[in-house]
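Biologist: Hi! Could you walk me through this structure?

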Amino acid sequence: MKTYNDIYLETRNALRASGIEGYTLEARLLVATAAGKSVAELLRDINLYTTAAIDAEVQELTRRRLAGEPVAYITGAWEFYGLPMKVTPDVLIPRMDTELLVTTAKELLLGRKMDARILDLCCGSGCIACALGHELPATKLVAVDISANALEIARENFASNRLGSRAICIQADATSSPPMSIGQFDMIVSNPPYIASAEIMTLDSSVRDYEPIWALDGGEDGYRFYKAIIKYWKSLLRPGGFLLFEVGEGQAETVKDMLSSAGFRAVGSRLDTLNIERVVIGKM
């Protein structure tokens, strides 16, 4: 019989040998998932003996990871802004880059509009809305996505993060007119698809082959969603309200020009940890 530590070390070594950067963390996640434990519980029980069935399950999960499947889809969970998120292949895996969108939104609202009504457009897993709801407990949130499956995941994440009736989901297309009854907002945040169609096939296989292409493809030039959201959804902003976008590398200047041309004031951007303009802001 093997201990959890024996299995963990075998898994870590296999991941490391395949060049997986986060082999230590990922090995813990895979063993914990197979054992039905949290990582903390796994570490507590690391020297206990386990079963052949769990050993076999870890080997199967490791096989999937070595084949390129992202660990978040294998485990069904990921962390965003310190909060647990359910993820499936119906939604993008939350990225650390997107945490800057939450931080920027929080900075704009803290001490000014603590009870803001916020719209999360192209919400996917609902991670942005969850983080904003957690950080700003007086806010009301509406999450919109075209995918019914993504909205189911968002609802589960709202429930597990105890947002209750403060967050609702609406199915709608961000590239067309909003539903009539959606109301007005103090802030719209969006991390829309922004990769140019021709560039999709150049993405890393772990993204291209596993994550939902419709949540990545920003049209021929990568700006399809920015143009449509500014055109159709800006009318939902109250006077003084903010529109915040996550943008891809090299897209910030074009998106800022779009906002300025549409009548937004105080147009600006925020840099990520690599000094890339990652968040673009406009004020009505």
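Biologist: How many bridges join strand S4 to S5?
Modeller: There are 5 bridges between S4 (residues 140-145) and S5, and the two strands run parallel. Strands are DSSP runs of E with at least two residues, and helices are runs of H or I with at least four, numbered from the N terminus. Two strands pair if DSSP finds at least two bridges between them.
Modeller: This is a predicted model, where local features need pLDDT of at least 70, side-chain atom pairs count only at pLDDT 80 or more, and totals for chains, interfaces and linings use all residues. Residues are numbered from 1 along each chain as its sequence is written, and side-chain values use heavy atoms, leaving out hydrogens and water.

Biologist: Which residue in S5 is the bridge partner of valine 144?
Modeller: That is isoleucine 170.

Biologist: And in what order do the strands of the sheet come?
Modeller: The order is S5-S4-S3-S6-S7-S9-S8, an open sheet of 7 strands with mixed pairing. At the edges are S5 (167-171) and S8 (265-271), each pairing on one side only.

Biologist: New topic: is serine 190 buried or exposed?
Modeller: Serine 190 is buried, because its relative accessible area is 0%. Buried means under 20%, exposed over 50% and partly exposed in between, with a 1.4 Å probe and protein chains only. Serine 190 lies in strand S6 (residues 185-190).

Biologist: Which residues of helix H10 are buried?
Modeller: In H10 (residues 224-233), they include Phe225, Ile229 and Trp233. Their cover includes S3 (117-121), S6 and H11.

Methods
Contact means heavy atoms within 4.5 Å.
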